[in-house]
Amino acid sequence: MDLRLTPEEIAFREEVRTFIRENLPADIRDRMKLGHPPRKEDTVRWQRILNQKGWAAYSWPKEWGGPGWTAIQKMIFLEENLMAPAPEILSFNVTMLGPVLIQFGTEAQKKRFLPRAANLDDWWCQGFSEPGAGSDLASLKTSAKRDGDHYVINGQKIWTSTAQYADWCFVLVRTDPNARKRQEGISFLLVDFKTPGITVRPIISIDGSHHLNEVFYDDVRVPVENLVHVENKGWDVAKYLLGNERTGIARLGKSRERVNAAVEMARKVNSNGRPLIDDQTFRQRVAQLQVDIKALEMTQYRVVSAYDKAKGAGRPDPLSSVLKVKGTELLQATTELAVDVAGPMATPIWAEELAAMNEPDDMLEAGSASAASYLMLRAASIYGGTNEIQKNILTKAVLGL
Amino acid sequence: MDFEPSDDQRLLLESVSRLLADTYSFAQRKGYMAQPAGYSPEIWGKFAELGLLGLPFPEEYGGFGGGPQEVMLVMQAFGRAIVVEPFLSTVVLCGTAIQAAGSADQKNTLLPAIAEGSLKMAFAHGERQARYDLNDLITSARRDGSGWVLDGAKTVVAHGEAADKFIVSARTAGDRYDRDGMTLFVVDANAEGMARRGYVSRDDSRAADLSLSNVRVDEADVLGPIGGGYAIIERVVEAGIAATAAEAVGAMEAMNEMTLEYSKTRVQFGQPIGSYQVVQHRLADMFMTQEQGRSMAMLATMSLENPDAEERARNLAMAKVGVGQSARYVSQSAVQMHGGIGMTEEYAVGHYFRRCMVIERLWGDPAYWLQKLADEVE
């Protein structure tokens, strides 16, 4: 047992921190410090800077343009990136599509898609959920019928994040409606979003943002060369994608950053005639969150060091469900803290007209952003397998019930 | 980072686990508690044979040459069995104080005696008015010729009933709350003027209150620098927090295993209760809580040797909060999931519950430590 970071890992953390500090564009950093999510162009710009450095495809092997890091290094990198705060690397491209193609893709698919995904030349989205297939994903109905050299897709996907930006989408479709088991008739297709027959309809979230979409497929023709792995074996691909090492799932850097931001703001606002930072209830809440963050950080180290020890050969650690549940609970608790500190300043919606009416007003802008972030992160315990589904996984995988 | 025990540590854990499996069933434990000492001297002897009583001591003092990690592994195993023998007080608490501050003579006489099982000790610092504040000390020691005379009272001294000797804190200078001016003394349990009132603690271990009235000790019985006792007390408490954190993890494991097993066998409405999702999710929550507690117990252990005193104290405070809250949740849930049987004295779950409840109250509960952390928010 050696429960410390090695000197090399500490040096690595310093290297990452320095690079981000010196290369993250100030305008992006300043907006994000106020609590805004990154804009599309922020994400693209930052991912390309990282890609120049060879870090964008942080989880890929060297052969395919990744840095070949250990799981601990990946975790350190992701946490530093979140703490900066910098835009997150587009997970559809890097943590979902990339590993899937590296594992299951043909040489041609790898060469065609991986470099462009790393550099965010293509923006990918994920077409999994359907109106009738949420937590019960295997019940999906969107169909793909073979027609010569093409599949023809018909159906509807929903909750497709950032589909409005997407150039491409990886989609789960039903290719064999008569399969013995529901999981056996599903295929994994890569769909060019410029193909005729695709309609993207926005879903506005409770924070007012346009992040989610419905996507309709109406006789969408996809060349068979865009099938990944084997026809009717798409469920294996999806399982690999969802169970693939989830180093960054707890997003602890984000929770830390939100607590720090809340403490900063608490210095500047008064409550009961004294600065909020002096309020014992507030201080205890911060302390409790710091304790919970620390505990999850240690759990995260346990998961990734076990992963490194198994040389990546192990099965997905059921503890990663702990990371998902506890990590999202923390994200929600920290954004809740920030919105509570903002108080009445959380209520105005920060928009063009408000910005035009006021002198630069960081407190108001940050207050408004804290509300948006609080609202948006209610989704954290829903996406990526709801926290209830994670508990079902734990019940089966760990408890054997 | 590497969270896996080494081969040697695995062997240690195996031999401790085997001993406990053979000798420390819930029924056997009941027999030990019923003995006059409140624990089993025979088991104590077996601990000595296995080298556990000298676990963290250097080999030159008859020790095993282990460190915080070995103590963690053993305490976790003890937690699973709810061991009532005075290991924590003798080996961890007093052992830490003697190793940290003892004279060559004290180390040479006390440590080997502990390791061979002939000396049981207890750490007598807490006083009624102090609650959890380590700096609140009234018991006094005044110089008298070549020695010292102690007066005062100590309360809830863990494992105090069986101790042959105590390490007693007393004020040699300063006022009630001063950190400076505290001094530690090794005091014989039978010294003239020592009155001990032993009793059963909530966890079935035996504690004691002490009253010291004109107790004379020699200069050679001063442990560590005169007036500099506070720093030693802090180290002792840190070691105790880490050790009991590991013990609580062992108790949580045992409770979770029992609860899981019960959920598979207890049938209601025609099905095992473990087939109901509401029960499954509670079990998943208990598992997650246990793992978060385990992470914190590891943090506590790894922090003990951190030379940065501030960071060490902060990590231990966080671990104390995290483990305390975890153990409370798992304990309460374990009783709830068992239903009526969990409420009974004849069933083990309640015994784990009560041990965790006592551990939580050693050196401060989560609320106490959380307030300390809250004071540092900046």
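**Burial, domains and the A–B contact in a predicted model**

Student: How much of chain A counts as buried?

Tutor: In this predicted model, 46% of the 401 residues of chain A count as buried.

Student: What is chain A built from, in helices and strands?

Tutor: The secondary structure of chain A comes to 13 helices and 10 strands. Its radius of gyration is 22 Å, close to the 21 Å that the globule rule gives for 401 residues, so chain A is as compact as a globular protein of that length.

Student: And what does the C-alpha trace of chain A span along its principal axes?

Tutor: About 75 × 55 × 45 Å. As for the contacts within chain A, if you take those between residues at least 6 apart in sequence, 72% of them join residues at least 24 apart.

Student: Switching to chain B, which domains is it divided into?

Tutor: Chain B is divided into domain 1, covering 7–120, domain 2, covering 123–227, and domain 3, covering 231–375. The centres of domain 1 and domain 2 of chain B, taken over C-alpha atoms, are separated by 23 Å.

Student: How many residues are in contact between domain 1 and domain 2 of chain B?

Tutor: There are 18 residues of domain 1 of chain B in contact with 17 residues of domain 2 of chain B. On the domain 1 side, the elements that give two or more residues are helix H5 (87–101) and helix H6 (104–116) of chain B, and the largest share, seven residues, comes from H5(B). By class, that side of domain 1 has 12 nonpolar, four polar and two charged residues.

Student: What about the contact between the chains, how many residues does each give?

Tutor: The contact takes 31 residues from chain B and 35 residues from chain A. On the chain B side, helix H8 (277–303), helix H9 (309–338) and helix H11 (366–375) are the elements that give two or more residues, and H8(B) gives the most, with 13 residues. That side of chain B has 18 nonpolar, 10 polar and three charged residues.

Student: Which residues have the most contacts inside the largest nonpolar core?

Tutor: They are B:Ala97, B:Ile167, B:Phe185 and B:Ala245, in a core of 232 residues. Helix H7 of chain B, residues 229–265, gives the most to this core, with 17 residues.

Student: What is B:Ala245 in contact with, leaving aside its neighbours within four places in sequence?

Tutor: With those set aside, B:Ala245 is in contact with B:Met296, B:Ala297, B:Ala300, B:Ala319 and B:Val323. As background, nonpolar side chains tend to be buried together in soluble globular proteins.

How values were computed. Residues numbered from 1 in each chain as written. Chains lettered and ligands numbered in written order. Predicted model: local features only at pLDDT ≥ 70, side-chain atom pairs only at ≥ 80, totals over all residues. Contact = placed C-beta atoms within 7 Å. Helix = DSSP H or I, 4+ residues; strand = E, 2+ residues; numbered from the N terminus. Nonpolar A, V, L, I, M, F, W, Y, C, P; charged D, E, K, R; others polar. Domains from an automatic or database assignment. Rg over C-alpha atoms; globule rule 2.2 N^0.38 Å. Buried ≥ 20, exposed ≤ 12 C-beta atoms within 10 Å, placed from the backbone. Core = buried A, V, L, I, M, F, W, Y, C linked by C-beta atoms within 7 Å.
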